[in-house]
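Here is a briefing for a reader who is new to this structure. Keep the sequence and the 3D view open while reading.

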Amino acid sequence: MGFSLTAVDLVIKNGKIVTSSFIVEADIVVDQEKIVALTKEAHLPSADTIVDAKGKFVLPGMVDAHSHLHEPDVSKTDFITGTTAAAAGGWTTLLEMPISLPGVWNQEVFEARVKLAESKCLVDIGLYGGGGIQNVDRIEELAAAGAIGFKTFMNEPLESRAEEFIGLWVANSGQQFQVMREIAKTGLPNAVHSEDADLITVLTKELQEAGRMDPMAYIESRPNVTEALAVSKVRLLAQATRCRAHICHMHSSEGVKILMDAKAKEEQLTAETCPHYLVLTADDMEHYGGPHGTYVKCAPPVGSKEDIISLWRGLNNGAIDCIATDHSPFPHEQKETNIWDAASGIPAFQTTLPLLLTYGVNQGKIDLQQLVKVTSENAAKIFGLYPQKGEIQMGSDADFVIIDLKREATIEEQNLYTRGAYAVPYLGWKVKGLPTHTICRGTVIMEDGVVIEEKSGHGVLVRPTQPNTE
Ligand SMILES: [Zn+2]
């Protein structure tokens with residue numbers, strides 16, 4: 001078979017292509033942002049750009065189900081520096097959480113955010129809308145505007161952050177039920193931050209009254225039962241309302257058990273975990289937490305060695321659908337204070353894939369095909385983007401991350417695009433396995449760790465094409 005096209009935009013030669021259904025050595029032909037052929041033919045069309053992937057693996061560009069970019073509050077991160085770090089780390093689609101100024105609670109805010117994002121982002125972006133009691137009558141209009149799903153927090157925010165969280169929270173089970181009942185009508189998923197706020201409030205008060213200020217006190221204020229309670233509640237309410245629920249950043253073995261049970265019964269419940277829960281434990285608050293132990297502070301907190309084992313198991317047996325970054329960098333001044341006041345969050349765009357290749361693939365905890373499922377394919381399916389995203393086949397968007405499993409590096413501040421001002425727990429860690437190229441809709445946006453920053457604005461909004469109502 002010859003090519004009807006004599007000249008195309010991009011050819012990726014000599015790589016081993018990895019999807020969940022095959023690993024094959026073949027060349028990829030790309031034109032007008034789409035994959036037009038996978039081929040072993042000797043005669044390829046001429047191409048404007050040729051990438052030689054010899055000795056490397058070509059995976060679908062990664063899809064992050066849980067990103068924070070925060071703009072216009074640029075004290076934390078913003079669309080340009082955030083998506084630059086994402087490009088460096090192999091992510092080609094980010095699904096952005098709706099915490100902003102204001103929270104993404106109605107169509108007007110959503111549409112303004114699309115404009116801002118498309119003018120700045122280097123990679124593609126989907127936007128969550130808020131799923132809260134304040135905007136329960138705006139859920140339908142957010143779905144019509146193109147929201148990828150809805151995010152819900154199960155507690156009222158601090159008064160100082162009320163504007164950022166407008167339309168993003170419920171205060172009790174009744175309100176959660178009302179919100180899920182509305183979201184169910186859209187067919188879109190409800191992503192829920194699943195920690196039991198009542199229990200955390202009681203335990204935090206006890207620990208603070210006892211004068212505890214050490215990093216472990218924070219861990220003790222959020223034991224695994226807080227996640228188990230919340231996940232159980234979300235699961236039951238999702239069934240009662242026929243809403244598709246997605247558990248955000250699951251971190252405990254208790255959570256994995258509930259998800260396994262739900263999946264065995266074919267309930268509409270999905271879950272993500274995050275890289276920090278796979279490589280850090282509570283003991284690391286001391287080792288990698290910076291001067292106050294706070295660099296490792298995140299919500300929910302990092303767990304135990306047993307939690308790590310069951311999370312890897314859950315990623316392999318399908319209990320956990322995806323690995324999301326929950327990328328949320330904070331400047332040193334918001335981290336370097338006592339454990340209670342320090343901001344919660346860890347930057348993750350650039351470090352996630354090297355950590356997964358080092359501690360997952362190269363240590364035999366997960367194979368490359370399963371890695372593809374949990375870093376791109378499953379998120380694309382859950383959020384209605386498949387097979388446009390998360391797949392390497394004719395007609396899909398030409399989004400790729402090319403990896404070298406043998407390349408080694410040390411995680412150093414000067415090589416991070418989320419740099420300088422931010423607290424990072426992994427500095428000095430040695431990694432083996434790195435992304436060498438990131439390609440978003442046929443455009444090379446990262447090569448050998450260097451992001452082609454003038455491509456900012458290349459990113460476009462992605463919308464769910466087929467709300468998945470299986
Ligand atoms: Zn988050």
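The points below go from the domains to single helices, strands and residues.

This is a predicted model.

- Contacts between the domains involve 28 residues of domain 1 and 32 residues of domain 2.
- On the domain 1 side, strand 17 (400-410), strand 18 (430-440) and strand 19 (443-447) are the elements that give two or more residues.
- Strand 18 gives the most to this side, with 8 residues.
- The side of domain 1 that touches domain 2 holds 18 nonpolar, 6 polar and 4 charged residues.

- Strand 18 pairs with strand 17 in the antiparallel sense, over 8 bridges.
- Lys430 in strand 18 stands opposite Thr410.
- Strand 18 also pairs with strand 19, again in the antiparallel sense. Here the pairing runs over 4 bridges.
- Met446 in strand 19 is the bridge partner of Thr438.
- The hairpin of strand 18 and strand 19 has 2 residues between the strands. In this hairpin, Arg441 takes a positive phi near 45°.

**Helix 7 and Ala238**

- Helix 7 covers residues 224-241. This helix has 18 residues.
- From first C-alpha to last, helix 7 reaches 26 Å, close to the 26 Å expected at 1.5 Å a residue.
- Which residues of helix 7 are buried? They are Thr226, Glu227, Ala230, Val231, Val234, Arg235, Leu237, Ala238 and Thr241.
- The cover over these buried residues includes three helices: helix 4 (173-186), helix 5 (197-209) and helix 8 (253-264). The cover also includes strand 13 (190-193), strand 14 (245-247) and strand 15 (269-273).
- Ala238 has 25 C-beta neighbours inside 10 Å, so Ala238 counts as buried.
- Leaving out residues up to four places away in sequence, Ala238 touches Met180, Cys243, Ala245, Gln268 and Leu269.
- Ala238 and Glu267 are 29 residues apart in sequence. In space, their C-alpha atoms are 8.9 Å apart.
- Just after helix 7, Arg242 takes a positive phi of about 55°.

- Helix 2 (residues 107-120) has 14 residues. Its first and last C-alpha atoms are 20 Å apart, close to the 20 Å expected at 1.5 Å a residue.
- The buried residues of helix 2 include Val109, Phe110, Arg113 and Ala117.
- They cover an arc of only 95° around the axis, so they sit on the same side of helix 2.
- An α-helix has 3.6 residues a turn, so residues three or four places apart point the same way.
- Glu108, Ala112, Lys115 and Ser119 are exposed on the other side of helix 2.
- Among the elements that cover the buried residues of helix 2 are helix 1 (79-89) and helix 3 (139-145). Strand 10 (124-127) and strand 11 (129-130) are included too.

- Strand 9 (residues 91-96) is mostly covered, with 6 of its 6 residues buried.
- Strand 8 (residues 62-67) and strand 9 run parallel, joined by 4 bridges.
- Trp91 in strand 9 is the bridge partner of Met62.
- The loop between strand 9 and helix 2 holds Pro102.
- Pro102 counts as partly exposed because it has 18 C-beta neighbours inside 10 Å.
- What does Pro102 contact, leaving aside its neighbours within four places in sequence? Its contacts are Val109, Glu163 and Ile166. Val109 is also one of the buried residues of helix 2.
- Pro102 and Pro72 are 30 residues apart along the chain. Their C-alpha atoms are separated by 9.0 Å.

Methods
Residues numbered from 1 in each chain as written. Predicted model: local features only at pLDDT ≥ 70, side-chain atom pairs only at ≥ 80, totals over all residues. Contact = placed C-beta atoms within 7 Å. Nonpolar A, V, L, I, M, F, W, Y, C, P; charged D, E, K, R; others polar. Pairing = 2+ DSSP bridges. Buried ≥ 20, exposed ≤ 12 C-beta atoms within 10 Å, placed from the backbone. Expected span 1.5 Å × (residues − 1). Arc of directions from axis to C-beta.
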